[in-house]
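Me: I am new to this structure and would like a quick tour. Can we go through it in short questions and answers?

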Amino acid sequence: MAQIGVSAMKRIEDLLDTGSFVEIGSYISSRNTDFNLSDKDTPKDGVWTGYGTINDSLVYVYSQDPSVLGGSIGEMHAKKIVSLYDMAMKMGAPVIGLVDCAGLRLEESFDALDAFGKIYLAQTKASGVIPQIQAVFGLSGGGMAISNGLSDFVFMEKDKAKVFVNSPNAIIGNSQDKNDFSSAKFQSESTGLVDFIGTESEIISGIRELISVLPANNEDDMSYIECTDDLNRLTPELEGRISDPALALNIISDSGYVLEVKKNFAREMFTGFIRLNGNTVGVVANRRALYDENGEIADEFENVLSHQGSDKAAGFVEFCDAFNIPVLTLVDVKGYRATKCSEKRMPKAGAKLTYAYANATVPKVSLIVGDAYGSASLSMNSKSIGADIVFAWENAKMGMMNASEAVKIIYSKEIDSSEDIKATLDEKTREYENLQNSAIYAARRGYVDDIITVADTRKRLLAAFEMLFTKKEDRPYKKHGSI
């Protein structure tokens, strides 16, 4: 049998600044007597709870101990976690859960069910007030998987961790060997539940890094650091890297800092954090290509909105808005993905993305770096739905639709009756592009605030966010939206 509490406490020690952990509720244990539970040793009721610091910033942490009843959640186990949330809410500090939990404690029946519900309630109250981070190191089964979904960011150990509501073997026609729905690969690539995967040590360092870029709560921003990069640095090399936002943002951001979120899910849509003049900025960007560590193209994508990409971006924008993190959007989209699967989900997913941007009141800046066509471009933080500043590169293409497709509709009779169809099509396409598909055309009508050069991108974006630093925007009173 594993030594009680060793792995659970070791994770806390590795996560927090050396010697900073202070335990709360160390004497609490199970009080249930059914199934002779009182005869079993349940120290701390299977969970360590307390507070400490990460880079001198206050955080609250709980770490589940699988050697105590499988780390299962019962009445007192949940009471410790809920009490931790109560204190974190008062102090305005993040909660970090180190998860290794078999799920509901069967021996405690209704008390365990009620316990889970109280954790859900605490997480719901904390949502949008303090950051919630969970890291799954072992099992996260049944109701604990719902708790993962209620968190803002989820880390998952890549080999041993399992997240499931129903075990893969319990699903009719499936098995863990056939389709392991509980694996880190599936949860990060197919469901989008998990933001980061890695080894245990990579997860610990990843949480510390994430905490450093996030505000402590929705009112107090402690994520600012001193900027040592040149505020007027030119970025002429951007154009050759813009197909992969991770590379482009490495040039734009202070000292090349980029932290991508949900990088394995809906990879045609980038979401992540950068720094501009020391401030954290959230970024959403359309992606055409993904490069590997050797600088080779690992994958390519059509620049369209998918339902998964829209959901991913919408959730990220909502998080940034809740915690007053400014949002930068790099736009390169020509429409919606034309597949049966996406078509079934796209109207609702597109609406969520549009709503997230339109509803957000944080500083919002867009840069059109490629295409911006049709209603898909409206959803990507357009001026029409509330962007504060919209820039465009000189070669950006904007409009109702791609010029070659538009002229086939507008000039169908002339093209069909032409002796040289290709020449007529090319001529009409050029005319349409010059008249309605240029950044200048959009700028003349106020849909673009300025056309900027590639080289000036960093300093113009930085200046825009500096100008918007004190932005305040009142909206009509409502309890909440319903999208």
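Me: Let us begin with Thr457. What is its relative accessible area, and is Thr457 buried or exposed?
Reply: This is a predicted model. Buried means under 20% relative accessible area. Thr457 has a value of 0%, so Thr457 is buried.

Me: Where does Thr457 lie, and which residues does Thr457 touch, leaving out those up to four places away in sequence?
Reply: Thr457 lies in helix 15, which covers residues 457-467. With residues up to four places away set aside, the contacts of Thr457 are Thr235, Leu238, Ile252, Leu367, Trp393 and Ile452.

Me: Now Asp159. Is Asp159 buried or exposed?
Reply: Asp159 lies in the loop between strand 6 and strand 7. Its relative accessible area is 55%. Exposed means over 50%, so Asp159 is exposed.

Me: Which side chain does the side chain of Asp159 contact, and how far apart in space are Asp159 and Lys185?
Reply: The side chain of Asp159 makes a polar contact of 3.1 Å with the side chain of Lys158. Asp159 and Lys185 are 26 residues apart in sequence. From C-alpha to C-alpha, the distance between Asp159 and Lys185 is 9.0 Å.

Me: How many residues of strand 4 are buried?
Reply: Strand 4 runs over residues 95-101. On one side, Val95, Gly97, Val99 and Cys101 are buried.

Me: What is the handedness of the β-α-β crossover from strand 3 to strand 4?
Reply: The chain leaves strand 3 and passes through helix 2, residues 75-91. It then reaches strand 4. This crossover is right-handed.

Me: Which residue of strand 5 is the bridge partner of Val99?
Reply: Strand 4 also pairs with strand 5, residues 132-141. The sense is parallel, over six bridges. In strand 5, the partner of Val99 is Val136.

Me: On to the rings. How many aromatic pairs are there, and why is the pair of Phe153 and Phe319 called edge-to-face?
Reply: The structure holds eight aromatic pairs. The ring centres of Phe153 and Phe319 are 4.9 Å apart. Planes over 60 degrees apart count as edge-to-face. The planes here stand at 80 degrees, so the pair of Phe153 and Phe319 is edge-to-face.

Me: How many residues apart are Phe153 and Phe319?
Reply: Phe153 is in strand 6, residues 153-157. Phe319 is in helix 8, residues 307-322. The pair links distant parts of the chain, with a separation of 166 residues.

Me: What are the relative accessible areas of Phe153 and Phe319?
Reply: Phe153 is buried, and Phe319 counts as buried as well. The value is 3% for Phe153 and 8% for Phe319.

Me: What kind of aromatic pair do Phe155 and Phe196 form?
Reply: Both Phe155 and Phe196 are buried. Their centres are 4.6 Å apart, with 20 degrees between the planes. Planes under 30 degrees apart count as stacked. The pair of Phe155 and Phe196 is therefore stacked.

Me: Over which ring does the charged end of Lys44 sit?
Reply: The charged end of Lys44 is 4.3 Å from the centre of that ring. The ring belongs to Trp48.

How values were computed
Residues numbered from 1 in each chain as written. Predicted model: local features only at pLDDT ≥ 70, side-chain atom pairs only at ≥ 80, totals over all residues. Heavy atoms only, no water. Phe/Tyr/Trp six-rings, centres within 6.5 Å; stacked < 30°, edge-to-face > 60°. Helix = DSSP H or I, 4+ residues; strand = E, 2+ residues; numbered from the N terminus. Buried < 20%, exposed > 50% of the residue type's maximum accessible area, 1.4 Å probe, protein only. Lys NZ or Arg CZ within 6 Å of the ring centre and 35° of its normal. Right-handed = clockwise from strand over helix to strand, strands pointing away. Pairing = 2+ DSSP bridges. Polar contact = N/O pair within 3.5 Å; in protein donor to acceptor, adjacent residues only side chain to side chain. Contact = heavy atoms within 4.5 Å.
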